[in-house]
Amino acid sequence: MTDLRASSPVPTLTTITVRNPADGSVAGTVPVDDPDTVAAKARALRDAQPQWEALGAEGRKAWLLTMQDWILDNAEHLTDVLQSETGKPRTEAAMEAPLCADLLKYWAGNAARFLADQHPSAHSPLGKVKRLTTVYRPYPVVGLIIPWNFPLLNVALDGVAPLAAGAAVLLKPSEVTPLSAVEFARGWSEIGAPRVLSLTTGYAETGAAVIAESDCVHFTGSTATGRKVAVACAERLIPCSLELGGKDPAIVLADADLERAAAGIAWGGMFNAGQVCVSVERVYVEAPVYDEFVAKLTDEVARLRQGQDGNKFEFDVGAMATHAQRDIVQRHVDSAVAAGARVTTGGRPTGVGTFFEPTVLADVEQSMSCISEETFGPTLPVVKVADEDEAIRLANDSVYGLSASVWTGDLARGERVARRLEAGAVNINDALANGFSFSLPMPGWKSSGIGSRNGGPDGILKYCRSQAITSPRLPTQSREINWYPYSRRKTKVFTGVIRAAAGRGWRRIGRTPRQS
Ligand code: NAD
């Protein structure tokens, strides 16, 4: 029998149909850009970028603030689009537009200061003859590849800083949720801003083309894809920053306010149906309060209302983004239960769309996949620990290091524990809080990333190449002593001067201590 699979050509998809995962309804379509299309978009960006850079930070600020107004004026529509492609509850969808406006304000207001020329003092007295300047010049085209969990917010989280830096941005949203990025790009064009933001949609091949056409890449997404992106950037010798997966621990110490810890961890674990890079993914609780905490957490999670609420603000927990994502959650729950964990609430798909019940797993062991692998879903596995030291050891026993939280009645103790955790951020008596503080860096340690976003100057300077400029402070002669022609006498003079500035004690004048 002929193997039809071998002989039939694989159809090339030219469009992506975007569906609402809550009910399967069609939310929209976008094209699949091939590498030639991506290259043409990058060329257009390259043409437009020099003028954008020449506007200076103050000139760009005006456009970023106009975009901020557009986002706020269109917030309701943006929220509708977000819900249509994610199945998020209204409250969670409604947060993204104002947070985008906040990011636009942050970078618009601070870019000029962060990008200002630096005039470092000379490292040696000899250097004082020069005026030293460090200038920050943007990479012309920054490629931005983002995931599906915050389709609008991720555009601003990673896209505003390079624009503020003076770069042009080639933006590739996830194939799962491209429609909010389409809206963002529409807004940029509707306000009449220079054409330095270009959207390209498609799958992995389109993402690879973005890397091929960019001068610098920022990637937010899974660790597995991030590794491929890093390799592709290394091949081209271009820099990349990576914000990747996480498995964030929460440590509940016996002196914690258990009411707040349970409520905060429930929110930190279930927000966006657990599809947050910094969501609480595992909980370590000191033995004396373990049972009480599990009971309170179970109570909190069991009370969550789940469903599709349109614009009615009725539900707390929405759909998973894809069926594949829901299946990972199911696998982690099933294998934990098979290994002896106890479901205290939830534990199953609801049977509607991609919804999975908010779930608490008790009596969990460190060896289970729900502890070692990123779940990215609405589950909270809880592990009993003997004490603070064991909690820290198990929390650090992970390939990931994105963020963590510590719940305690003693803030000094919380800070001590925080400084022993291998994580890019630690929130004390709160969850996800660092993500809303743009003046703090958001770095991923270990397999959670390379580099960081936000956090003052670092968050924008990563999109810039530093340039060193020297110019004379004193009148110059026709030639310097270290220029041609070389001679013994001149060499002695100038190496002697360098030695005098560089050395200590007798060595400064060419003697060793023994000779002296
Ligand atoms: P993903 O890695 O599957 O996809 C991310 C993006 O990469 C998509 O746009 C995709 O089309 C593109 N892509 C896929 N293969 C590519 C390739 N070979 N070359 C170039 N681009 C390619 O991630 P996802 O499933 O969309 O998102 C979920 C993951 O993102 C989770 O692991 C989550 O923890 C992580 N995430 C991290 C952060 C953070 O700040 N650290 C924030 C949000 C999400």
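Tutor: Lysine 172 belongs to strand S5, residues 168-172; strands are DSSP runs of E of at least two residues, helices are runs of H or I of at least four, and both are numbered from the N terminus. This is a predicted model, where local features need pLDDT of at least 70, side-chain atom pairs count only at pLDDT 80 or more, and totals for chains, interfaces and linings use all residues. Residues are numbered from 1 along each chain as its sequence is written, and side-chain values use heavy atoms, with hydrogens and water left out.

Student: Is lysine 172 buried or exposed?

Tutor: Buried means under 20% relative accessible area, exposed over 50%, and partly exposed in between, with a 1.4 Å probe and protein chains only. The relative accessible area of lysine 172 is 3%, so the residue is buried.

Student: How far is a polar side-chain atom of lysine 172 from an oxygen atom of the ligand?

Tutor: A polar contact is a pair of N or O atoms within 3.5 Å; within protein, one must be able to donate a hydrogen and the other to accept it, and residues adjacent in sequence count only if both atoms are side-chain atoms. For lysine 172, the distance from a polar side-chain atom to a ligand oxygen atom is 2.9 Å.

Student: Which residue has a side-chain N or O atom 2.9 Å from an oxygen atom of the ligand?

Tutor: Isoleucine 146 has a backbone N or O atom 2.9 Å from a ligand oxygen atom, but the question concerns a side chain. The side-chain N or O atom at 2.9 Å from a ligand oxygen atom is in arginine 453.

Student: How much of the ligand's area does the protein bury?

Tutor: Accessible areas come from the Shrake-Rupley method with a 1.4 Å probe; for residues, only the protein chains shown count as cover. Taken alone, the ligand exposes 850 Å², and the share buried by the protein is 89%.

Student: Which element gives the most to the shell around the ligand?

Tutor: Helix H8 (204-213) and strand S7 (216-220) are the elements that give two or more residues to this shell. The most, 3 residues, comes from H8.

Student: What residue joins its side chain to histidine 332 by a polar contact of 2.9 Å?

Tutor: Histidine 332 is in helix H12, residues 323-338. Histidine 332 is buried because its relative accessible area is 1%. The partner in the 2.9 Å side-chain polar contact is glutamate 373.
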